[in-house]
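Visitor: Before we look at the model together, I would like each term to come with its cut-offs, and each answer to end on the value or name that I ask for.

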Amino acid sequence: MNKGLKVLTISLLMIVWNFSVLVSQNVAKLESKLDSVIQSNMESNHIPGAAFIIVKDGKVLLKKGYGYTSLGEEIRRVRPDSTIFRIGSITKTFTATALMQLVDQGKIDLHTDVNTYLTSLKVQDTFSKPITPWHLLTHSAGFDEISGRRVFRASEQIPLKIFLKDRLIRLREPGVISSYSSYAIALAGLLVEDVSGMSLAEYMKKHIWDPLEMNMTNMGLSDEQERYTSWGYEYRRGINVPQPWEFYHTYPSSDINSTVSDMGKYLLMHLNLGKHNNKTILSSKMTSEMHKQQLSAHTEVEGFGLGFYEEYANGFRTVSHGGDMLGYSGYMALIPEKNLGVYIVSHHEGSRFRYMVLSAILEYFQENKATLEPNPKRVMQDLSKFEGSYLWSTHCHTCENGWKPTAEQLVVNDDNTFSIFGRKFFQIGPLLFKSFDGRRTMGFVENKKGEIIYMSTGSSNVFEKID
């Protein structure tokens with residue numbers, strides 16, 4: 001090797017070494033920050049166990065477990081590679097991915113009547129417009145959200161095709177609005193089963209989990225995996241109480257169990273537009289469609305992709321989904337502009353812990369990114385038609401004694417603004433409003449008469465106007 005080439009080689013090696021040291025130092029800084037946030041929040045919220053994984057630029061950047069998988073005599077530490085948590089409704093994104101694989105293969109068309117493909121049952125023609133796979137994945141099929149989807153014994157679980165047969169109640173014409181729907185995704189799962197000839201769990205294992213080497217992921221734990229599973233806990237009257245295992249008749253919407261390491265592989269595949277470790281799970285075209293906004297009350301308001309929803313956090317657009325089961329809560333987020341993915345899970349259903357951790361992670365990657373937009377120009381119009389009561393749309397409308405959400409009151413103020421959800425909003429465009437703190441954008445949908453029928457503050461937060 002001549003002297004000039006030798007000097008160049010040494011210089012390049014020094015650059016690579018210095019860069020690797022810098023990356024290592026930055027990861028250590030991030031880890032220290034997250035340790036502080038996570039440990040303090042686990043302590044203040046009495047959370048027994050938690051874990052997270054961060055992937056970036058095609059690699060695992062950081063993964064870690066905290067606390068314990070179970071309490072009492074069989075106490076064990078949470079391990080990111082082996083501790084299994086329930087992912088709840090994040091399962092919906094897997095079901096959507098499975099259906100999109102069949103679209104990729106030309107076996108399903110997104111905009112064809114689902115009855116063309118279903119063999120187990122047929123959806124009633126309540127409206128002239130048929131329901132399509134696109135409607136299922138954007139939560140806009142218009143089904144009622146009937147209660148009674150879960151049991152606590154496996155022996156009581158009703159086969160999906162039988163359970164859905166008399167429970168696909170159509171409330172509205174499809175495609176009008178996204179209203180978060182476990183029944184829509186459950187039907188998407190049945191569609192996968194009918195077209196593939198396999199159970200959904202078998203299909204996912206063969207076409208998603210095995211290719212991604214997600215070896216600790218499934219529906220319905222094997223004896224081997226059960227010993228790695230973290231029991232669910234809820235904090236009641238000063239103690240963490242173990243919770244019973246839930247079984248859902250609508251399992252395509254909720255029943256996957258996984259480790260954070262396995263979920264990291266899933267994040268990497270979606271960030272790499274369907275590819276991971278030289279294996280193609282889904283075409284880049286179909287993966288991109290899943291991540292794009294497909295339907296919203298307004299293009300400026302967070303909406304739904306295909307199986308995923310949009311959320312804006314710390315100035316970033318995230319392609320996300322949360323998941324809750326009795327004793328567990330989780331959240332996954334893709335941040336395409338940073339080639340970044342995050343999955344967080346902990347005990348306690350409905351916990352805000354995951355959002356605090358996500359915020360800390362995104363703050364680290366902000367690079368002085370503005371979190372709030374400047375207030376846009378106001379539009380001065382009569383707001384009287386917006387005034388009234390609104391109900392969250394995801395509830396059972398046809399149940400005699402079903403749960404109903406509390407009505408939210410929208411009050412028009414004297415200064416041509418309105419107030420709701422503890423915030424004050426001003427108009428910035430037709431059917432479009434912004435909160436004064438800059439944190440919420442709200443859109444409305446009106447009928448052919450110009451009457452307001454829906455309000456949305458983004459993704460699953462859709463409300464029906466009831467008076």
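Guide: A salt bridge, as the term is used here, is a side-chain nitrogen of Lys or Arg within 4 Å of a carboxyl oxygen of Asp or Glu. This is a predicted model, in which local features need pLDDT of at least 70 and side-chain atom pairs count only at pLDDT 80 or more, whereas totals for chains, interfaces and linings use all residues. Residues are numbered from 1 along each chain as its sequence is written, and side-chain values use heavy atoms, with hydrogens and water left out.

Visitor: How many salt bridges does the structure hold?

Guide: Side chains of opposite charge can pair when their charged atoms come close. With the cut-off of 4 Å between nitrogen and carboxyl oxygen, the number of salt bridges in the structure is 16.

Visitor: Which parts of the chain does the salt bridge between E464 and R172 tie together, and how many residues apart are they in sequence?

Guide: The closest N and O atoms of E464 and R172 are 3.2 Å apart, and both residues are buried, a word that stands for under 20% relative accessible area, with exposed meaning over 50% and partly exposed in between (1.4 Å probe, protein chains only). Helices (H or I, at least four residues) and strands (E, at least two) are DSSP runs, numbered from the N terminus. E464 lies in strand β24 (residues 462-465) and R172 in the loop between α4 (160-165) and α5, so the pair ties together parts whose separation in sequence is 292 residues.

Visitor: What is the N to O distance in the salt bridge of R423 and D437?

Guide: R423 belongs to strand β20 (residues 423-429), while D437 is in the loop between β21 (432-435) and β22 (441-446), 14 residues apart. R423 counts as partly exposed because its relative accessibility is 24%, and D437 counts as partly exposed because its value is 31%. The side chains of R423 and D437 meet with an N to O distance of 2.7 Å.

Visitor: Which residues have the most contacts inside the largest nonpolar core?

Guide: A nonpolar core is a set of buried Ala, Val, Leu, Ile, Met, Phe, Trp, Tyr and Cys residues joined through side-chain atoms within 4.5 Å. The largest one has 78 residues, and helix α5 (residues 182-196) gives the most to this core, with nine residues. Apart from this core lies another, of 29 residues, with L34, I54, F316 and F353 among them. Inside the largest core, the residues with the most contacts are F94, L136, F143, L164, L187 and Y343.

Visitor: What does F143 touch, beyond residues up to four places away in sequence?

Guide: Contact means heavy atoms within 4.5 Å. Leaving out residues up to four places away in sequence, F143 touches V123, I131, L136, L168, I169, R170, L171, S181, Y183, A184 and L187.

Visitor: At roughly what angle do the axes of helices α2 and α6 cross?

Guide: Axes are lines fitted to C-alpha atoms, for helices over the stretch in contact, and angles run from 0 to 180 degrees between N-to-C directions. The axes of α2 (residues 91-104) and α6 (residues 200-209) come within 11 Å. Angles under 35 degrees count as roughly parallel, over 145 as roughly antiparallel, 65 to 115 as roughly perpendicular and the rest as oblique. The pair counts as roughly perpendicular because the axes cross at roughly 75 degrees.

Visitor: Which residues of α6 make the contact with α2?

Guide: On the side of α2 the contact is made by F94, T95, T97, A98, Q101 and L102. By class, the contact has eight nonpolar, four polar and no charged residues, where Ala, Val, Leu, Ile, Met, Phe, Trp, Tyr, Cys and Pro count as nonpolar, Asp, Glu, Lys and Arg as charged, and the others, Gly among them, as polar. From α6 come L200, Y203, M204, H207, I208 and W209.

Visitor: What is the phi of N277 near?

Guide: N277 lies in the loop between β11 (275-276) and β12 (279-280), and N277 counts as exposed because its relative accessibility is 52%. N277 is a residue other than glycine with a positive phi, near 50 degrees.

Visitor: How far apart are the C-alpha atoms of L71 and P242?

Guide: L71 is in the loop between β2 (59-70) and β3 (76-77), and L71 counts as partly exposed because its relative accessibility is 35%. Leaving aside neighbours within four places in sequence, L71 is in contact with P48, Y233 and N240. L71 and P242 are 171 residues apart along the chain, and their C-alpha atoms are separated by 8.5 Å.
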